[in-house]
Amino acid sequence: MVPLTLKVPVPSEYVFPAGALCLGVDAQIDFERRGEQDNQARDKETGERVWVVRVMDLDPEAGKFGRPTEVKVKVIGAHQPVPPPSSVPGYPPAVQFEGLTLTPYVDSQRCKSSGQCKARMAYSLRATAIVPAGAAAVAAAA
């Protein structure tokens, strides 16, 4: 049986073939826990904290056809992921993700009550860690 939330393991190089630059890391807010002091979202399977890593997709095709160049990857972990230092002063660090999974879903936000539906296939990205670009390939080869 196929689970409702299919998580397809994918290499970071497959999702970001031209690379990705880390723009920031923030806690994912659980809006059902808004009034609480600790309102950070938790992963439903592990109970670990959910962090949102914003990256710029360096693929030249990324900005075409309304596709965003900024992508959010949710990283699951007890502690806030720390991006590696940048190898080029003044630029964000180049990163890859370990344990990256892709979950496809139908984005129906564009459907109108008038009968027009411009739903599209979308996907969410989750990972277990953020690492310097090239580190995942080195670890896989070892």
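Tutor: Start with exposure. Buried means under 20% relative accessible area, exposed means over 50%, and partly exposed lies in between (1.4 Å probe, protein chains only). At 31%, leucine 23 therefore counts as partly exposed. This is a predicted model: local features need pLDDT of at least 70, side-chain atom pairs count only at pLDDT 80 or more, and totals for chains, interfaces and linings use all residues. Residues are numbered from 1 along each chain as its sequence is written, and side-chain values use heavy atoms, with hydrogens and water left out.

Student: Where does leucine 23 lie, and which nonpolar patch includes it?

Tutor: Strands are DSSP runs of E, at least two residues, numbered from the N terminus. Leucine 23 lies in strand 2. A patch takes residues with over 30% relative accessible area and no salt bridge; nonpolar side chains (Val, Leu, Ile, Met, Phe, Trp, Tyr) are joined within 5 Å, like charges within 9 Å. Here Leu23, Met56 and Leu58 form a nonpolar surface patch, with about 210 Å² of accessible area together. Such areas come from the Shrake-Rupley method with a 1.4 Å probe; for residues, only the protein chains shown count as cover.

Student: Is aspartate 57 buried or exposed?

Tutor: Aspartate 57 is buried, because its relative accessibility is 4%. Aspartate 57 lies in strand 3 (residues 50-57).

Student: What does the side chain of aspartate 57 have a polar atom 3.0 Å from?

Tutor: The backbone nitrogen of aspartate 59. For a polar contact, look for a pair of N or O atoms within 3.5 Å; within protein, one must be able to donate a hydrogen and the other to accept it, and residues adjacent in sequence count only if both atoms are side-chain atoms.

Student: How many salt bridges are there?

Tutor: The rule asks for a side-chain nitrogen of Lys or Arg within 4 Å of a carboxyl oxygen of Asp or Glu. The count comes to six. One of them joins lysine 7 and glutamate 45, at 2.9 Å from N to O. Lysine 7 sits in the segment before strand 1 (8-9) and glutamate 45 in the loop between strand 2 (20-27) and strand 3, so the pair ties together parts 38 residues apart in sequence. Lysine 7 is partly exposed at 31%; glutamate 45 is exposed at 61%.

Student: Which residue forms a salt bridge with aspartate 43?

Tutor: Arginine 126, with the closest N and O atoms 2.2 Å apart. Aspartate 43 is in the loop between strand 2 and strand 3, and arginine 126 is in strand 7 (residues 120-127), 83 residues apart. Both aspartate 43 and arginine 126 are buried.

Methods:
Helices (H or I, at least four residues) and strands (E, at least two) are DSSP runs, numbered from the N terminus.
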